[in-house]
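My notes follow the model.

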Amino acid sequence: MSDRTQERMPKNARKNVKTRTSKSEQMLMTRIEDGSVTVGVIGLGYVGLPIAVEFAKAGIHTIGLDLDERKVKQLNARKNYLQDLSDAEVAGVVKSGHLTATTSSADLAKCDVIYICVPTPFTDNKDPDVSHILHATQSIASVLRKGQLIILKSTTFPGTTERYVQPILDKTKLKCGSDYFLAFSPERIDPGNTKWTTATTPVVVGGVTPTCTNLAVAINKRIIAQVVPVSNPRVAELEKLLENIFRSVNIALVNELAQLCDRMGINIWEVVEAAATKPFGFMPFYPGPGIGGHCILIDPYYLSWAAREHDFVTNFITLAAEVNESMPFYVRGMIEREIAKQPVRLSDAKVLLLGMAFKRDVDDLRHSPALKVAELLLADGVKHVSYYDPYIPEVAVGGRVLKSHPSLTSTILAKHDVVVITTDHSAIDVDFIAKHAKVIVDTRNATKKLKRSRKNVVLLGEGR
Ligand SMILES: NC(=O)c1ccc[n+]([C@@H]2O[C@H](COP(=O)([O-])OP(=O)(O)OC[C@H]3O[C@@H](n4cnc5c(N)ncnc54)[C@H](O)[C@@H]3O)[C@@H](O)[C@H]2O)c1
């Protein structure tokens, strides 16, 4: 281990550092340092593909593995499918031969380092589903050889790396820490964020042994500016959950306050902006129609589930989830109240949702609160629910397939009884909407930018 790496390690991570190195470790470190290493990435989604492209751009031979044949075919045809990556950079690394995609797990045998970037969803009962991680690990175990480093990146509960992944790999009789190496290094990518990218966002690394940490730090440093080693995989697993639970709890707090503000007649958005002028000790979070995506909604449940084994109830986390998941229901109430004020029956009312993606300017629909709002309205018998989202051409909801309006015209806006801003995509022109819509239910404070009268606007947490 280099002195510089050790200096950055926490004290308790440092004291276990071994001085004897195995041949496998030495060979792998040499390959990492001279760039002759081959990197494998399992799961070419929002997390895996940017990592694979980053390694390929660094001139490192990279193999991407995915079960989804369409993604593999697209990549090998030099076609990009991720909004966060440029078409030219994807085409460039495939053309140069630095990145190849495959559906065959046998190709993992060629890789010295393998990143696991597969989904970690929850079950219908909201228990963790780590089956994708286990499946990916089985694929690795079938080809595991001396000198390979496995880095799990999927967000998961503390103990997954050592209690679920390692035992599968240990069955090969190869020894973790000297024959093969294993670490957890969570992903922090924020799709749509152009400032903080794969290369510029610091990452945390926790290896099963100090050697595992050392190697995982070295490979990450090939593409990432700052790598932060921690004592073990459990610290890394829990710090990732802390990051996301921190957001979930704070968003829940403002969502609860938004509901209170509606009763008190105080504008929550103005309250948050005012509080944010404090230069220390406060970080603004904003209310909305609920949380979505593959992370903030799901991850708290991973920790609550793991806590149960320790006879511990995660009250804060559970309460935050309860408040956040109640928001689409709250918004449904706002919409139906606006319908009730008009001479139209609920079943005949026309509701237009603006934005289906779970957050602004992304094409990710996973667990989107807008989808939940649509589902609740349909379940209440509102037959005419339609939407406009430039990033989401169609959605399946409540047993129906809805297609986005191809564009947002004055006629479309005027013929709906309520227009709801569910996602504040920057392409949405609020002045145009306010000019033509009868009533706007704004769940994102997008109408803050309005230059015209706010007469027809009902804002979440404004108390009007
Ligand atoms: N999306 C984000 O913004 C984000 C941010 C941080 C962390 N994460 C975490 O990263 C992990 C991956 O998330 P994602 O958003 O990239 O998911 P994704 O659904 O976009 O991509 C996952 C890919 O893995 C593939 N896959 C699943 N099982 C496989 C297997 N056994 N072998 C090969 N390929 C397999 C799928 O086909 C899919 O293409 C999750 O744990 C998530 O919580 C995601």
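I am working from a predicted model, where local features need pLDDT of at least 70, side-chain atom pairs count only at pLDDT 80 or more, and totals for chains, interfaces and linings use all residues. Residues are numbered from 1 along each chain as its sequence is written, and side-chain values use heavy atoms, with hydrogens and water left out.

Entry on the cores. I looked up nonpolar cores (sets of buried Ala, Val, Leu, Ile, Met, Phe, Trp, Tyr and Cys residues joined through side-chain atoms within 4.5 Å). Buried means under 20% relative accessible area, exposed over 50%, and partly exposed in between, with a 1.4 Å probe and protein chains only. The largest core holds 124 residues, and Ile219, Ile335 and Leu353 have the most contacts inside it. Helix H13 (residues 315-340) gives the most to this core, eight residues. Helices are DSSP runs of H or I, at least four residues, numbered from the N terminus. A second, separate core has 17 residues, including Tyr388 and Ile428.

Entry on Ile335. I counted contact as heavy atoms within 4.5 Å. Beyond neighbours within four places in sequence, Ile335 contacts Val351, Val373, Leu377, Val418, Val420 and Val441.

Entry on Thr137. I found Thr137 in helix H7 (residues 131-141). Thr137 is buried, because its relative accessible area is 0%. Outside four places in sequence, Thr137 contacts Ile116, Val165, Ile168 and Leu169.

Entry on Ile266. Ile266 sits in the loop between helix H10 (233-264) and helix H11 (268-275). Ile266 is partly exposed, because its relative accessibility is 37%. Ile266 and Leu238 are 28 residues apart in sequence and 37 Å apart in space, C-alpha to C-alpha.

Technical notes: Helices (H or I, at least four residues) and strands (E, at least two) are DSSP runs, numbered from the N terminus.
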